[in-house]
Amino acid sequence: MRQVVIWAERRDGRIADVSLETLRKATLLAKDLDGSVAAILIGDGCRESAEELIHYGADQVWLVEDNRLDLYQSDLYARIAAEIIAEAKPEIVLMGGTSIGMDLAPRVAAKLRTGLTAHCIDLYIETIDGRDQLIQVVPGWGGQMMVKITCPDHRPQMATVRPGVMEKGTTDVTRTGKIIPITPAICEDDFRAKTLEMVKEEEQETPLEDAEIIVSGGFGLYGSEGFEPIERLAAALHGEVAGTRPAFDQGWIPESRMIGQSGKTVRPGLFVSVGASGAMHYTTGFLKAKVIVAIDRNPKAPIFDIADFGIADNLDRIIPCLIEQLENQEYTKH
Amino acid sequence: MPLNIIVCIKQVPDPEQFDRITLDPATGAIRRAGIPSITNPLDRHAIEEALLIRERCGGTVSVITMGPPQAKKSVEDALAMGADRGAILCDQAFAGADSLATARVLASGIRSLGTFDLILCGNESVDGATGQVAPQLAEFLDIPHVTCAKKITLDGEAAALVERVIEGGYLRVEVTLPAVISVVKGINHYRLPTAMGIMAAAEREIIEHGCSVCEPDSAVPESPTRVAEVFESSLKRTVEMLSGEPEVVAGELLHRLREMEAL
C-alpha cells in the first residue's frame with residue numbers, strides 16, 4: 001500500500017502545531033492515493049505523543065526512543081529518518097518547515113538522493129502521464145508568483161510545509177493504529193554535531209500565529225506618530241501588534257512580529273493592515289485571514305485588492321476615531 | 001590554530017526589485033531583464049564571519065560560487081571585502097540545478113580547492129529561499145552541519161560551539177571540524193569593500209571550473225525536482241471601500257465587523 005510519511009516534531013513535550021497541520025494534509029493525500037499515513041517520532045519518553053498522532057489520523061507511528069535523542073541531534077535524526085524511509089519506500093515524505101524541520105529535511109533528502117521542495121503552501125495529487133505526482137506549490141519571487149514543483153522520477157517526493165498555512169485536523173481518541181517501537185543503534189560517531197542544550201528566550205507576548213486579531217503597521221506610519229497609534233488600536237481591539245519588513249527595518253517591531261515572506265504567516269479571524277501599500281512579499285503572510293481590513297492613505301494602493309474592507313484616508317484622522325469608538329463602547333459595555 | 005575557510009556565495013536578483021519580475025503570458029517564463037544582481041545578503045554575513053575568524057585565528061578565506069559568467073562579480077566583491085581567493089563553477093549544464101544538484105556541484109568544486117576546516121554559507125538565498133544547500137553540501141562532503149547560526153565560537157583545535165536559532169530561543173551545538181555552518185543575519189554586521197580592497201582584489205586569483213570538476217566522471221548531477229508551472233498569485237478579494245467623515249467611517253467599519261463576528 002502506498003504510504004505518506006510525516007516527521008512529527010516534538011517541542012516541550014508536545015507535538016508541534018505544524019506537524020499536526022502536516023499530518024492532516026498527509027491524510028488527505030493518502031486518501032487520494034488510496035494509501036495510508038505513517039509518522040516518524042524521535043525523542044525520549046514520547047509514547048503519549050505517538051498515541052496523539054494516531055488520534056489525529058496516523059495509521060502507524062515509528063516510535064524511536066532514547067534518552068540521547070531528547071534534543072534534536074542533526075546527524076542522528078537524519079540517519080534514523082533516512083533509514084526508516086529507505087526501508088518503508090513511501091510515495092511522499094512531509095516535514096513541518098520549522099527551523100529544525102528545515103535543517104533535517106534537506107539532509108534526509110540528500111541521503112535518499114531525492115528531490116525536496118521548501119515552504120509549500122499547498123500540496124495535491126495530479127496524474128501526469130499515467131503516474132500520480134505530488135504537485136508542490138510554493139510562493140516565489142517574494143510571493144508575487146506561485147510555482148508548482150514536481151519530482152517526477154524520484155521517490156519519495158519530499159516537501160517541507162510552511163507553518164500556519166494548512167489547517168490542523170481534529171482529534172478522535174477512539175482511533176486506533178500501530179505503534180512500532182525502534183531502538184536505534186547509537187555510537188559516539190553519530191554526534192559530530194551535538195546539541196548540548198536548548199536555551200529559551202521568553203516571549204512575553206502571545207505568539208502571532210495564535211492571535212485571533214492582528215493589527216499590522218507599515219512604512220506609511222512614518223512621519224506621523226510611528227507605531228504608537230498601532231499599539232493603541234491593537235490594545236483597543238484586544239489584538240496583537242505586527243508589521244511589515246520596513247517597519248522592522250525602522251526598529252518599530254521586533255523580527256518576531258514581522259509579517260510576510262521573510263517573516264510570519266498568520267491566519268487570524270481579523271487582520272487590520274495600516275499604512276502598508278501591500279507588496280506581495282508582505283500580503284503573502286496573511287492571505288488566509290478570515291477578514292482583512294486595509295487602511296492606507298493612497299486609494300490606489302494594491303493592499304485594497306486583497307482586502308474585504310478598505311478605508312483610504314489620512315491615518316491621523318481615521319485611527320484615533322477607531323480607537324475612541326472602541327474605547328467608548330468598551331466603557332458602555334461594562 | 002589557522003583555519004582554511006571556504007564561503008559559498010550566490011548571486012541573486014535584487015529583492016527590492018522583485019515586483020518588476022513579470023511572467024511571459026505566452027511561454028510562462030519569468031522575465032527579469034533589467035533587474036540588477038547583488039550578492040545574496042546573508043552570504044555577505046558569511047563572508048564577514050570568515051574574515052573575523054581569520055583575523056582571530058589566522059588562515060585563509062576562499063569564496064566559491066556556482067552561477068552564470070556574470071556571477072564572477074560577486075566573487076570579485078568578496079575578494080574586495082578581503083577574501084584571499086575565489087572560484088566560480090560555471091557551465092551551461094548547471095542551469096536550472098535544484099538544491100540537490102547545486103550541493104553536489106559545490107561539493108566537487110570545494111574538494112578541488114584542497115583541504116578545508118570550515119565551510120560557511122548564508123542560511124538561505126533571497127530568491128530560491130530553500131535553505132537546503134548547506135545541509136545537503138555537508139551530506140555530500142560527509143561532514144556535519146549546523147544551520148541558523150547566530151554565534152560561532154571556535155572551541156580549541158577541532159570543534160566549534162554554535163548558537164543556532166530556533167523558534168523561541170536557541171540550541172547550543174558543539175560541532176567537530178570540518179563542518180558546514182550556515183549563518184543568519186544577526187551574527188554580525190558585514191563590512192563594505194574599500195577602495196584599497198578593490199585594488200588589492202584585482203591581483204587575486206579567481207579559479208574557474210566547468211562541469212569537468214564534477215565527481216565522479218565529470219557528469220553533471222541530476223536535479224530530481226522540476227518547475228512544472230509558474231503563475232501569478234491571484235488571491236484577490238472584492239473590497240468594499242468605506243468613505244466619508246472619519247467618525248462615520250469608523251462607526252460603519254466596527255458595525256460591519258461586529259455583524260460578521262470578526263470582533
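Strand S10 (residues 145-150) of chain A and strand S14 (residues 226-232) of chain B run side by side in this predicted model, pairing in the antiparallel sense over 6 bridges. Within this pairing, A:Lys148 stands opposite B:Glu229, a residue of S14(B).

The contact between the chains takes in 72 residues from chain A and 64 residues from chain B. On the side of chain A that touches chain B, strand S13 (residues 193-200) of chain A gives the most, with 8 residues. Sorted by class, this side of chain A has 38 nonpolar, 18 polar and 16 charged residues.

Chain A itself is divided into two parts, domain 1 (3-191) and domain 2 (208-333). The C-alpha centres of domain 1 and domain 2 of chain A lie 34 Å apart. Where these domains meet, 8 residues of domain 1 of chain A are in contact with 9 residues of domain 2 of chain A. The residues that domain 1 of chain A brings to this meeting divide into 3 nonpolar, 4 polar and 1 charged.

Although A:Arg175 and A:Glu52 are 123 residues apart along the chain, their C-alpha atoms are separated by 9.6 Å. When neighbours within four places in sequence are left aside, A:Arg175 is in contact with A:Ile54 and A:His55.

In helix H5 (residues 228-236) of chain A, the buried residues are A:Pro229, A:Ile230, A:Leu233 and A:Ala234. Viewed down the axis of H5(A), these buried residues fall within an arc of 135°, so they line one face of the helix. In general, an α-helix has 3.6 residues a turn, so residues three or four places apart point the same way. Just after H5(A) comes A:His238, with a positive phi of about 55°.

Helix H2 (residues 72-81) of chain B is mostly covered, with 8 of its 10 residues buried. These buried residues of H2(B) are B:Ser74, B:Val75, B:Glu76, B:Asp77, B:Ala78, B:Leu79, B:Ala80 and B:Met81. B:Gly82 follows H2(B) and has a positive phi, near 135°.

Conventions. Residues numbered from 1 in each chain as written. Chains lettered and ligands numbered in written order. Predicted model: local features only at pLDDT ≥ 70, side-chain atom pairs only at ≥ 80, totals over all residues. Buried ≥ 20, exposed ≤ 12 C-beta atoms within 10 Å, placed from the backbone. Helix = DSSP H or I, 4+ residues; strand = E, 2+ residues; numbered from the N terminus. Contact = placed C-beta atoms within 7 Å. Nonpolar A, V, L, I, M, F, W, Y, C, P; charged D, E, K, R; others polar. Pairing = 2+ DSSP bridges. Arc of directions from axis to C-beta. Domains from an automatic or database assignment.
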